[in-house]
Amino acid sequence: MTGPDPVSPRTPRPLGTGRFPRFQPEDRGAALRRPEAAPRTLRSIAIGGGKGGIGKSLVAVTLGIELVRRGLRVVLVDCDLGGANLHSFLGMEYPKETLSDFVLRRVENLSQLVITTPVPGLGLVSGARNAIQVANPMHQQKLRLLRAVQKLDADVAVLDLGAGTHYNVVDFFLQAHHGILLIVPEPTSVENAYRFLKAAFLRRIRSVDASFGIRDLIQEVTRARGQRPLVPAEIVRAVAERDPEAGAALEREMASFKPLLLVNQVREPKDLALGEGMCAASRRLFGLELTYLGHLRHYDQVWRAVRAHQPVFFEKLGKSFALDLAAVAGRLLELPVPKEAVP
Ligand SMILES: Nc1ncnc2c1ncn2[C@@H]1O[C@H](COP(=O)(O)OP(=O)(O)O)[C@@H](O)[C@H]1O
Ligand SMILES: [Mg+2]
């Protein structure tokens, strides 16, 4: 593996005051690879997948750790508005300052909420404490949050999403530069992932709606009462038949919607075929192109560490998991940063 030495484990800081020191992104000084005058582009990565318990949070944390190991400054943002738990993966108590403070406008600047974690170079914006107050943020609040994430003083922001296909989850997935669709080799996970993809696609084409005024048309073709619901490619085709210009705009949306696929908890060789298989099925059935990022093997020690409330530091990840993670991170960093999605 290349890059600087693995992040060394540190004893979590004393938690007595309940406050964590502010994240100082310049702490790592020389570790920053960005040349002085180069314009800074924060790469935002959201991790979704529809199903709970498949490892979204674990992947968010361990990917963050791997990116830090490569000398990048990373901030994890816990966007699981119903069950924030990234802090516990890092052995931290529930921080006092959380996303609630930003969403409820107690704090105007998101960077004020970035706290240090036991992994140097890895910051955390902890998840909302009062889920009821913030679990259903208004569109404007979401945009404000996403714009604020984009302005964080870091190289990468990793957004951990909640389960489900609600538009509040899907919007984060769509607005980040890269949306990683996480699946595990289980039928329910694959089903949920397809549902997630479709929900994301439908949400995404609302922007075409807005500019072409074809809301009714999309509703008409998607409703298809009593019939099998249309898949994305069929929706585009049906719209194009009625309004070729709008159809072309939808086609452009479809072509530029390129979620990344990551298979977690691989246990046996046949699981390895799932990623490519799902990409092919998504292309064939949905007309949607997924980019396959790779897989992460199931590693029992990681699971044990999480269960025992121990932080998942680099050394705990095990060789096979760390190798998989490095390959995934490498592929991710090779991808160009797409045009900013947040308006
Ligand atoms: N590759 C893996 N190897 C071992 N344990 C894993 C792996 N991926 C996830 N887990 C475990 O599965 C459980 C659920 O993961 P979590 O990240 O909380 O899921 P989600 O965020 O999708 O709800 C955790 O105990 C986690 O440690
Ligand atoms: Mg989670």
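What share of the 343 residues in the protein chain is buried? Buried residues make up 44% of the chain, where a residue is called buried if 20 or more other C-beta atoms, placed from the backbone, lie within 10 Å of its own. Before I go on, please keep in mind that this is a predicted model, in which local features need pLDDT of at least 70 and side-chain atom pairs count only at pLDDT 80 or more, while totals for chains, interfaces and linings use all residues. Residues are numbered from 1 along each chain as its sequence is written, and chains are lettered from A and ligands numbered from 1 in the order in which they are written.

The protein chain has 14 helices and eight strands, which are DSSP runs numbered from the N terminus, helices being H or I with at least four residues and strands being E with at least two.

Let me start with strand β1, residues 43-48, where six of the six residues are buried. Arg43, Ile45 and Ile47 point one way from β1, whereas Ser44, Ala46 and Gly48 point the other way. Strands are said to pair if DSSP finds at least two bridges between them, and β1 runs parallel to strand β5, residues 156-161, with five bridges joining the two; here Ala46 stands opposite Leu159 of β5. With strand β6, residues 178-183, β1 also pairs in the parallel sense, over four bridges, and Ile180 of β6 is the bridge partner of Ile47.

Next comes helix α1, which has 14 residues and reaches 20 Å from its first C-alpha to its last, close to the 20 Å expected at 1.5 Å a residue, the expected span being 1.5 Å times one less than the number of residues. Because 14 of its 14 residues are buried, α1 is largely enclosed by the rest of the structure. After α1 comes Gly71, whose phi is positive, near 90°.

Where does ligand 1 sit in relation to these elements? It is surrounded by 15 residues, the closest being Gly55, Lys56, Ser57, Leu58 and Trp303, and a residue counts as near if its C-beta atom, placed from the backbone, lies within 6 Å. Helix α1 (56-69), strand β7 (260-266) and helix α13 (300-307) are the elements that give two or more residues to this shell.

Finally, in helix α10, residues 232-242, Pro232, Ile235, Val236 and Val239 are buried. They cover an arc of only 95° around the axis, so they lie on the same side of α10, the arc being that of the directions from the helix axis to the C-beta atoms.

Notes: Buried ≥ 20, exposed ≤ 12 C-beta atoms within 10 Å, placed from the backbone.
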